[in-house]
Amino acid sequence: MPESDVDASIRGARRDGIAVGLATAAYGISFGALSVASGLDVWQTCFLSLLMFTGGSQFALVGVLGAGGVAAGGSAIAAAALLGVRNVVYGMRMRPVVGDHGLAHRIAAAWLTIDESTAVALAQTNERAARVGFWVTGLAIFVGWNLTTLLGALIGDALGDTRAYGLDAAAAAAFLGLLWPRLKRVQAGATAVLAAVVATVATPVLTPGLPVLVAAVVALVVGWFDLFRRREAVR
């Protein structure tokens, strides 16, 4: 590839990373407010965003805590961990892209390996642009997400009883918003419906948080045997 094309692709990767970073960071306001609504204080919320730094797992954690309180802590952690497993797969895919330049470099890369940084990196046409896209996206989201988390937590703390504004149910709505774009195929849609039915049936008989884990097991079984995709292929 000509050097001029490489430079153009790097500039494009940088623009993509900043744009995705700004758009994603906006969700941090929602997370901060929802986390406070679930019972965490402002500093616990900020600490969670700083260390966990993976939006889907964070929303899952505060959603389960909001439903079951401290007693559901174990289930909340398990649900967040299940969602976080995907980052391990991303890490294996991103290692050749980010390279290996020492322990600090590996830790920083692991910290920034999320859905968005991986997606921007893989969308590039050459290795240098992919590396730039990864780091720019990851850093933009990390800074923006933590700042907006603080802002959202302060807003939620100022509101007082967030249940009066309906924020106690907003975690589930926000998580559904993250899931919705991924339900375009029969396999994903059918799995989501089946898991939702199982969670609904299990909710009255299990402690808060456990229905989510049971539903996750159902989703794993369906995905493992690739049931609905096979039927879709046959048709």
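The second largest pocket holds about 310 Å³ of space. Keep in mind that this is a predicted model.

As for where the lining comes from, helix H5 (73-98) and helix H6 (103-111) are the elements that give two or more residues to it. H5 gives the most, with seven residues. Sorted by class, the lining of this pocket has 11 nonpolar, six polar and two charged residues.

Now to the aromatic side chains. The count comes to four aromatic pairs, taking ring centres within 6.5 Å as the cut-off. Two of them look like this:

| Pair | Centre distance | Plane angle | Geometry |
|---|---|---|---|
| Phe53 and Phe142 | 5.0 Å | 80° | edge-to-face |
| Phe134 and Trp135 | 5.3 Å | 85° | edge-to-face |

Take the Phe53 and Phe142 pair. Phe53 lies in the loop between helix H3 (42-51) and helix H4 (55-68), while Phe142 is in helix H8 (residues 127-159), so the pair ties together parts that are 89 residues apart in sequence. Is Phe53 buried or exposed? Phe53 is buried, with a relative accessible area of 3%. Phe134 and Trp135 are both buried too.

Notes. Residues are numbered from 1 along each chain as its sequence is written. This is a predicted model: local features need pLDDT of at least 70, side-chain atom pairs count only at pLDDT 80 or more; totals for chains, interfaces and linings use all residues. Side-chain values use heavy atoms; hydrogens and water are left out. Rings of Phe, Tyr and Trp (its six-membered ring) pair if their centres lie within 6.5 Å; planes under 30 degrees apart count as stacked, over 60 as edge-to-face and the rest as tilted. Helices (H or I, at least four residues) and strands (E, at least two) are DSSP runs, numbered from the N terminus. Buried means under 20% relative accessible area, exposed over 50%, partly exposed in between (1.4 Å probe, protein chains only). On a 1 Å grid over the protein atoms alone, a cavity is a set of points where a 1.4 Å probe fits but cannot get out, and a pocket is an open set with protein on both sides within 12 Å along at least five of seven lines; lining residues have an atom within 4 Å of a point. Grid points are joined across faces, edges and corners, and a volume is the space filled by probe spheres set on the points. Ala, Val, Leu, Ile, Met, Phe, Trp, Tyr, Cys and Pro count as nonpolar, Asp, Glu, Lys and Arg as charged, and the others, Gly among them, as polar.
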